[in-house]
Amino acid sequence: MHPAAAKYLEDDVGIHMWARSQFPSRRYDMQTTNIPESLNSLLRHARNLPVIALIEYIRSVIQRWFYERRELATVRERYLTNSAQAKIDEQTELSRTMNVYPALRFEFEVKDKDKVDIVDIQEKTCSCGYFQLQQLPCAHALAVCRHIRLSHHSLCSNY
């Protein structure tokens, strides 16, 4: 729709800056808000404190956050977070109709209707790209897991 904007994004900014699939590192599927806005919101009641008291306030808040998250983590019954498990559940449902055919020791051909994808469980890749971007098994990888009786947890990123 806007050739000048497309040229700017592709040539001047670079695709790697706005497309997760082209970013050289891992971005996972996290969407964060503006950090300064988040800090301003957190500190709105403490802004008028002296500097030492403000720093102590920030330290105590961060300490509380770490404690609360650690406590939540220790009582978890699942390996994955709720959001990651929801993604796995969704992909598991999609995988139920797929057929798996071994190709090499760690590579499998996965057929779904008239589409074929290649999964490498050792490299944790799939030709669909979802596995690499999400760092969670895609439906094709989950079909392979079911076929070879492998726990999908071993294919999930530690993060």
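1. A quick word on terms before we start: helices (H or I, at least four residues) and strands (E, at least two) are DSSP runs, numbered from the N terminus. On that basis, this predicted model has a protein chain with six helices and four strands.

2. Along the sequence, the protein chain reads α-α-α-α-β-β-β-β-α-α. As for overall form, the radius of gyration of the protein chain is 22 Å, well over the 15 Å that the globule rule gives for 159 residues, so the chain is more spread out than a compact globule. Along the principal axes, the C-alpha atoms occupy a box of roughly 65 × 50 × 25 Å.

3. Of its 159 residues, 25% are buried. The chain exposes about 12000 Å², with carbon and sulfur atoms supplying 56% of that area. Among contacts with a separation of 6 or more, 39% join residues 24 or more positions apart.

4. Helix α6 (residues 139-148) deserves a look of its own. Seven of its 10 residues are buried, so α6 is largely enclosed by the rest of the structure. The buried residues are Ala139, His140, Ala141, Leu142, Ala143, Val144 and Cys145.

5. What do the buried residues of α6 pack against? Their partners include two helices by name, α4 (82-95) and α5 (130-134), together with the strands β1 (99-102), β2 (107-112), β3 (115-120) and β4 (125-126).

6. Do check the residue after α6 as well: arginine 149 follows the helix and has a positive phi, near 55 degrees.

7. Lastly, charge: the protein chain carries 21 positive and 19 negative charges, and their mean positions lie 6 Å apart.

Technical notes
Residues are numbered from 1 along each chain as its sequence is written. This is a predicted model: local features need pLDDT of at least 70, side-chain atom pairs count only at pLDDT 80 or more; totals for chains, interfaces and linings use all residues. Side-chain values use heavy atoms; hydrogens and water are left out. Buried means under 20% relative accessible area, exposed over 50%, partly exposed in between (1.4 Å probe, protein chains only). Contact means heavy atoms within 4.5 Å. The radius of gyration is taken over C-alpha atoms; the globule rule is 2.2 Å times the number of residues to the power 0.38. Accessible areas come from the Shrake-Rupley method with a 1.4 Å probe; for residues, only the protein chains shown count as cover. Lys and Arg count as positive and Asp and Glu as negative; His and the chain ends are not counted. The place of a charge is taken as NZ of Lys, CZ of Arg, CG of Asp or CD of Glu.
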